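Welcome, and please open the model in your viewer. We will go from stop to stop, with something to select at each one.

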Amino acid sequence: MNTMPPLARGKRESAPTAAPLPDDSDRPLMKQVRGAIRVRHFSRRTEDAYTRWIRRFIRFSGMRHPRELGAEDVERFLTSLAEDRGVAASTQNQALSALLFLYGEVLRVDLPWMHEIVRAKRPLRLPVVLTRSEVERVLKELPDPARLASHLMYGAGLRLLECLRLRVKDLDFERSTLVIREGKGARDRRTVLPMSLAAPLRNHLVTVQAQHDVDLERGAGHVELPTALAKKFPNASRDWKWQWVFPATRTYRHRESGEHRRHHLHETVVQRAVTAAGRAAHLEKRVTCHTFRHSFATHLLEDGYDIRTVQELLGHRDVRTTMIYTHVLNRGPGAVKSPADRLAPFESKE
């Protein structure tokens, strides 16, 4: 069970002393939170996570306004997550980040105790890695289009949403590269496009383009565009190069613009298919979409590629994150010859 790291002991404040209220203080709190997040161009997932944690904190504190709460309330909430809910250290730290954002960036309250809270230490976990034959077994059990998406995640080292958010213009068949836009940390990068997938991807895009042409004839064919591109290029949302490589099967009507759009394939479609394929392949390992990314990195290192190259392809900011894959290489413990193997063959006395 996780334990909540204690706050630095000393003089406690029962309630924070509020700084002068911002100009938008008369707006509902959650609208202020969403506005502050969008001004900083945080991802939609970060916005959803932060607002969810802030709501949970307010409910946990008896529906009192955060200005009326202090260090003890934050500590009780985080301790409850660890001891009562048994959340992981990363989840506990995400909740803390949301509350620090609430007080520091939204309420503009300078709280001395904010800098004294110790984050939970995340344990080092070795990733689950499939062998090359296990990857093939899982891929054979997958239906399309989840099979093609999974093959691409393994062949290019993509995260699930990086794969599903690929647009037609991000595929460079001539140079055998993929461009990942706004990956984790809002960073762009290039990675390898497997040559073996060039033909299957081209055939897949023929089907997608035919579907897009039908949407255009129906007055639909729009997709969501990043940031303010929709205003700068009003017709870009129907342009072929901006379409998703893996589109959803259904369209929807965008509430604000009234456009009939097609979203990319929902992540749960691929997640469920990969989980089922792992069971059908009779693997004893837990297989997820991210397992393909772990396997990509490990297999590159096994093939002799240097760790800096792998770091760049994965989009890791720190090489220490990539170093985790050196712990699961075949030339590690699995390649060591045990001294027991030099003894006489084992014979049971039963």
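Helices (H or I, at least four residues) and strands (E, at least two) are DSSP runs, numbered from the N terminus. This is a predicted model, in which local features need pLDDT of at least 70 and side-chain atom pairs count only at pLDDT 80 or more, while totals for chains, interfaces and linings use all residues. Residues are numbered from 1 along each chain as its sequence is written, and side-chain values use heavy atoms, with hydrogens and water left out.

**Stop 1**

Select Ser176, in the loop between S1 and S2. Ser176 is not a glycine, yet it has a positive phi of about 55°. S1 and strand S2 (residues 177-180) pair in the antiparallel sense over 2 bridges; two strands count as paired if DSSP finds at least two bridges between them. Show Asp172 and you will find its bridge partner, Thr177, in S2.

**Stop 2: a cis proline and a helix crossing**

Go to Pro145, in the loop between helix H5 (132-140) and H6. The peptide bond from Asp144 to Pro145 is cis, with omega near 0°.

Next, select helix H6 (residues 146-156) together with helix H10 (residues 267-280): their axes come within 10 Å and cross at roughly 85°. That makes H6 roughly perpendicular to H10, a label for angles of 65 to 115 degrees. The axes are lines fitted to C-alpha atoms, for helices over the stretch in contact, and angles run from 0 to 180 degrees between N-to-C directions.

Which residues of H6 meet H10? Show Ala146, Ser150 and Met153, which meet Val270, Ala273 and Val274 in H10, where contact means heavy atoms within 4.5 Å.

**Stop 3: the hairpin**

Select strand S4 (residues 247-253) and strand S5 (residues 260-264), which run antiparallel and are joined by 4 bridges. Arg253 stands opposite His260 in S5. The hairpin has 6 residues between the strands, and Gly258 takes a positive phi near 80° there.

**Stop 4: the cavity**

How many cavities of 30 Å³ or more does the structure hold? There is 1. A cavity is a set of points, on a 1 Å grid over the protein atoms alone, where a 1.4 Å probe fits but cannot get out; lining residues have an atom within 4 Å of a point. The largest cavity has a volume of about 80 Å³, a volume being the space filled by probe spheres set on the points, with grid points joined across faces, edges and corners.

Select residues of its lining, including His212, Asp215, His222, Trp244 and Arg262. Helix H8 (residues 198-217) gives the largest share of that lining, 4 residues.

Conventions:
Angles under 35 degrees count as roughly parallel, over 145 as roughly antiparallel, 65 to 115 as roughly perpendicular and the rest as oblique. On a 1 Å grid over the protein atoms alone, a cavity is a set of points where a 1.4 Å probe fits but cannot get out, and a pocket is an open set with protein on both sides within 12 Å along at least five of seven lines; lining residues have an atom within 4 Å of a point.
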